Amino acid sequence: MFGCSIRSDVDKHQYRIDLNGHLADCEMNFRRLQKLLPVDVAAGDCLRFGVATNAVELHVKERAPYTTMIELRLEKPLFAELPVPVLQVRIYHDANLAEVMGARGLRPVKPRYRYPNASMYHRDEKAQQNRYLGEWLSLCLSHGHSLDNPLNILEI
């Protein structure tokens, strides 16, 4: 009897991944990236978008028939004492998804973490990073302009 009540209390507090929300975020990020990246993008390409007094750089690291690995980074930190934010993103062309694989050069992010943990990751670290990517891409689409071709202003 005691085993059942203790187990149900543990289950109530366990973090559960919102798979529908995760897939929706990844699909929206894919759609945003489609608007920013040219169709013929190749490994080694770098695109730069000016946003206010900073720039967002998209570096294409790998290009394969079904996937593309890109790295997004700010050109300079928002504050001198903070590191430059960097996101590694894998684009799945066949599934129409784009997912954050890592941040600031760290190892790939797990879908969930026990909390507390030694690295102080949040339980939903991966979901937060995918939403953060969506905010970056939305900012580029709404307020950005191409630094490679200054006359090409993004209009959505």
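Visitor: What covers the buried residues of helix 2?

Guide: In this predicted model, the cover over the buried residues of helix 2 includes strand 1, strand 2, strand 3, strand 4, strand 5 and helix 3. The residues in question are His-22, Cys-26, Asn-29, Phe-30, Arg-32, Leu-33 and Leu-36.

Visitor: What makes these buried residues line one face of helix 2?

Guide: When one looks down the axis of helix 2, its buried residues fall within an arc of 165°, and therefore they line one face of the helix. As background, an α-helix has 3.6 residues a turn, so residues three or four places apart point the same way.

Visitor: How do you know that the length of helix 2 is close to what is expected?

Guide: Helix 2 has 18 residues, for which 26 Å is expected at 1.5 Å a residue, and the model gives 26 Å from the first C-alpha to the last.

Visitor: Why is His-22 called buried?

Guide: The word buried is used for a relative accessible area under 20%, and His-22, at 17%, therefore counts as buried. His-22 has its place in helix 2, and, if residues up to four places away in sequence are not counted, His-22 touches Glu-99, Lys-126 and Asn-130.

Visitor: Why is Cys-26 called buried, and what does Cys-26 touch?

Guide: Cys-26, which also lies in helix 2, has a relative accessible area of 2%, and is therefore buried by the cut-off of under 20%. Not counting residues up to four places away in sequence, Cys-26 touches Asn-96, Leu-97, Ala-98, Glu-99 and Asn-130.

Visitor: What makes Asn-130 a buried residue, and which residues is Asn-130 in contact with?

Guide: Asn-130 is found in helix 3, and with a relative accessible area of 1% Asn-130 is buried, since the cut-off is under 20%. Leaving aside neighbours within four places in sequence, Asn-130 is in contact with His-22, Cys-26, Asn-29, Ala-98, Glu-99 and Val-100.

Visitor: How do you know that the span of helix 3 agrees with its number of residues?

Guide: Helix 3 covers residues 125-143, and because its 19 residues should span 27 Å at 1.5 Å a residue, the 27 Å between its end C-alpha atoms agrees with that value.

Visitor: Which residues of helix 3 are buried, and what do they pack against?

Guide: The buried residues of helix 3 are Glu-125, Lys-126, Ala-127, Gln-129, Asn-130, Leu-133, Gly-134, Trp-136, Leu-137, Cys-140 and Leu-141. They pack against helix 2 (19-36) and against strand 1 (46-51), strand 2 (54-63), strand 3 (67-74), strand 4 (86-92) and strand 5 (97-103).

Visitor: What makes strand 4 and strand 5 a pair, and what joins them?

Guide: Against the requirement of at least two bridges, strand 4 and strand 5 have six, in the antiparallel sense, and Arg-90 stands opposite Glu-99 in strand 5. The two strands form a hairpin with four residues between them, and Asn-96 in the turn has a positive phi of about 55°.

Visitor: Why is strand 5 described as largely enclosed?

Guide: Six of the seven residues of strand 5 are buried, and so strand 5 is largely enclosed by the rest of the structure.

Methods. Residues numbered from 1 in each chain as written. Predicted model: local features only at pLDDT ≥ 70, side-chain atom pairs only at ≥ 80, totals over all residues. Heavy atoms only, no water. Expected span 1.5 Å × (residues − 1). Buried < 20%, exposed > 50% of the residue type's maximum accessible area, 1.4 Å probe, protein only. Contact = heavy atoms within 4.5 Å. Arc of directions from axis to C-beta.
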